[in-house]
Amino acid sequence: VNAKGYIAEAPSGSTQHNISFIGTPNNGVIGKALGFDPTNTGNGGGFNLIGNPYPSAIDADAFINESDNSELDGTIWLWTHNTAFIDNPGIDMDFTVDDYATYNLTGGTAATSGGPVPTGNIGSSQGFFVRTLAAGTAFFNNPMRLDGQNNQFFRGNGSKKSNEEKDRIWLDVTSNEGGAFNQILIGFFDEATDGFDRGYDGIKFSGGNYISFYSKIGDDRYAIQGLGSYSSDKQITL
């Protein structure tokens, strides 16, 4: 299914497993209907797993800024698979949401389990989560596509998209023993406010097994927070 995200589990004992997408390469405008439950209005609602449908990388900023994607909250979550699969009978969740990294117009944060910080390239066939705020469709189009930058699937070492100048600071909390880690990103933009802004604020997707570090807007927890223009007296709740 075009633009549908897929989760593949390798056979037991495999160290690497290849998945094939067979058919004519996609081109042009492609839409993917999004599921939305109006009765689930909290931060847990509206999540959809979609994927880059093209044989080329796409620019995440262009995807977020696309006017036809205004129903999306403007953040994407990418799987890193940093944590080994746990095959324990009786455990409902063999994978951890701590393996999701976060990206939006403010920038990217590493997964709670560590790994690279996403920089805005979404590789060919890369799956990612989005959150819709209403029933609608996610659209992909050719202007989002990147030429010659499809050398990275996010589980690798991070993409090579050049970074524009932005007023940002990454804050890490780590433990001296045990390797616990959490990262958040704070940015300052003329286009943003100190409240929630689509595309600049990304909710905390995971709690963190040992450390949970986040900023707050009201009662909501954020891994990425974009605020209005910088001033020395601005205060941020962590």
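## Aromatic pairs

A search of the whole structure, a predicted model, finds 9 aromatic pairs. Rings of Phe, Tyr and Trp (its six-membered ring) pair if their centres lie within 6.5 Å; planes under 30 degrees apart count as stacked, over 60 as edge-to-face and the rest as tilted. Phe47 lies in strand 2 and Trp77 in strand 4 (residues 72-79), so the pair ties together parts 30 residues apart in sequence. Strands (E, at least two residues) are DSSP runs, numbered from the N terminus. Phe47 is partly exposed at 23% relative accessibility. Trp77 is buried at 0%. Buried means under 20% relative accessible area, exposed over 50%, partly exposed in between (1.4 Å probe, protein chains only).

Phe188 and Tyr230 also pair: their ring centres are 5.2 Å apart and their planes stand at 85°, so this pair is edge-to-face. Phe188 belongs to strand 11 (residues 181-188), and Tyr230 to the segment after strand 14 (220-227). Phe188 is buried at 13% relative accessible area, whereas Tyr230 is exposed at 57%. Elsewhere, Phe63, Phe128 and Phe140 form one aromatic cluster.

## Around Ser56

Ser56 sits in the loop between strand 2 (47-51) and strand 3 (58-59). Ser56 is buried, with 9% relative accessible area. Its side chain makes a polar contact of 2.8 Å with the side chain of Arg145. A polar contact is a pair of N or O atoms within 3.5 Å; within protein, one must be able to donate a hydrogen and the other to accept it, and residues adjacent in sequence count only if both atoms are side-chain atoms.

Neighbours within four places in sequence aside, Ser56 is in contact (heavy atoms within 4.5 Å) with Ile122, Gly123, Ser124, Arg145, Leu146 and Asn150.

## A nonpolar surface patch

Val1, Tyr6, Ile19 and Phe21 form a nonpolar patch on the surface, with about 450 Å² of accessible area together. Areas come from the Shrake-Rupley method with a 1.4 Å probe. Val1 is in the segment before strand 1 (30-34). Val1 is exposed at 67% relative accessible area.

## Basis

Residues are numbered from 1 along each chain as its sequence is written, and side-chain values use heavy atoms, leaving out hydrogens and water. In this predicted model, local features need pLDDT of at least 70, and side-chain atom pairs count only at pLDDT 80 or more, while totals for chains, interfaces and linings use all residues.

How values were computed. Helix = DSSP H or I, 4+ residues; strand = E, 2+ residues; numbered from the N terminus. Patch = residues over 30% accessible without salt bridge, like charges linked within 9 Å, V, L, I, M, F, W, Y side chains within 5 Å. Salt bridge = Lys/Arg side-chain N within 4 Å of Asp/Glu carboxyl O.
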